[in-house]
Amino acid sequence: MGAEGYDLATDYLWAAPAGAALLGYLLGSIPFGVILTRAAGAGDLRTIGSGNIGATNVLRTGRKGLAAATLVLDAAKGAVAVLLTEWLFPGHGVVAAAAAFLGHLYPVWLGFKGGKGVATLLGILIALSWPSAIVYAVIWLGLLAALRISSLAGMLAATSAPVSAAYFGRFDLVLLLLALALLVVWKHRENIDRLISGTEPRIGRKKA
């Protein structure tokens with residue numbers, strides 16, 4: 001094979017992961033919370049409550065339906081990013097998963113100030129490992145119902161992802177899910193400070 005043929009082969013090898021990363025990031029960076037609250041006339045979500053673009057902050061607008069829709073859509077974009085990528089670029093779903101997650105956390109459209117990734121990680125798990133997704137959802141929603149502390153429930157659910165993946169034999173996903181879980185915890189660092197000080201608000205209870 002000549003030098004020209006080698007270059008073409010190399011370009012092709014990079015095309016699939018690059019396409020997967022771009023597709024994943026673009027889908028993950030769609031700020032559904034901001035879009036839905038604006039469309040419903042509830043204002044700019046970034047100026048409400050914590051300023052976060054996720055479902056918990058949408059709930060602070062008093063629109064439970066919008067909050068539920070935001071949660072579903074934020075999860076759906078993670079799942080769709082993986083599934084669509086596997087259809088277009090077989091074998092590169094993991095690349096799309098990481099890119100979609102980073103897109104949600106750091107969307108270019110919002111100056112790289114995005115959400116915390118709990119719902120999007122659930123969607124990614126649904127596409128990559130549905131048994132781990134079930135464990136994740138049970139821990140997240142169960143703790144949310146019991147403790148009514150969104151941040152704590154989300155972080156504990158995220159940290160369960162690499163553990164459950166290993167338990168179900170998906171060792172190929174453990175490092176990715178560990179990295180994503182650490183990012184979830186990092187994005188919750190202000191919440192951790194409030195948890196330690198005892199000032200973290202509970203869902204359904206207004207701040208004093």
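## Tryptophan 109 and its contacts

Setting aside neighbours within four places in sequence, tryptophan 109 is in contact with Leu26, Ser29 and Pro31. Contact here means heavy atoms within 4.5 Å. The side chain of tryptophan 109 also makes a polar contact with the side chain of serine 29, at 2.8 Å. A polar contact is a pair of N or O atoms within 3.5 Å; within protein, one must be able to donate a hydrogen and the other to accept it, and residues adjacent in sequence count only if both atoms are side-chain atoms.

Tryptophan 109 sits in the loop between α5 (93–105) and α6 (118–128). Helices are DSSP runs (H or I, at least four residues), numbered from the N terminus. Tryptophan 109 counts as exposed because its relative accessibility is 53%. The cut-offs are under 20% relative accessible area for buried and over 50% for exposed, with partly exposed in between (1.4 Å probe, protein chains only). The C-alpha atoms of tryptophan 109 and leucine 183 are 20 Å apart, and 74 residues separate the two along the chain.

## About the model

This is a predicted model: local features need pLDDT of at least 70, side-chain atom pairs count only at pLDDT 80 or more, and totals for chains, interfaces and linings use all residues. Residues are numbered from 1 along each chain as its sequence is written, and side-chain values use heavy atoms, with hydrogens and water left out.

## Serine 132

Serine 132 lies in helix α7, residues 130–147. Its relative accessible area is 0%, so serine 132 is buried. Beyond its neighbours within four places in sequence, serine 132 is in contact with Leu125, Ala161, Ser164, Ala165 and Phe168.

## Salt bridges

The whole structure holds five salt bridges. A salt bridge is a side-chain nitrogen of Lys or Arg within 4 Å of a carboxyl oxygen of Asp or Glu. One of them joins lysine 77 and aspartate 74, at 3.4 Å from N to O. Both residues lie in helix α4 (residues 64–88), three residues apart, about one turn of the helix. Lysine 77 and aspartate 74 are both buried.

Aspartate 44 pairs with arginine 46 in a salt bridge, with the closest N and O atoms 3.2 Å apart. Arginine 46 is partly exposed, at 35% relative accessible area. Arginine 170 and aspartate 172 form another salt bridge, with the closest N and O atoms 2.8 Å apart. Arginine 170 is partly exposed, at 28%, while aspartate 172 is exposed, at 53%. Salt bridges that share partners link Arg38, Asp44 and Arg46 into one network.

Note on methods:
Helix = DSSP H or I, 4+ residues; strand = E, 2+ residues; numbered from the N terminus.
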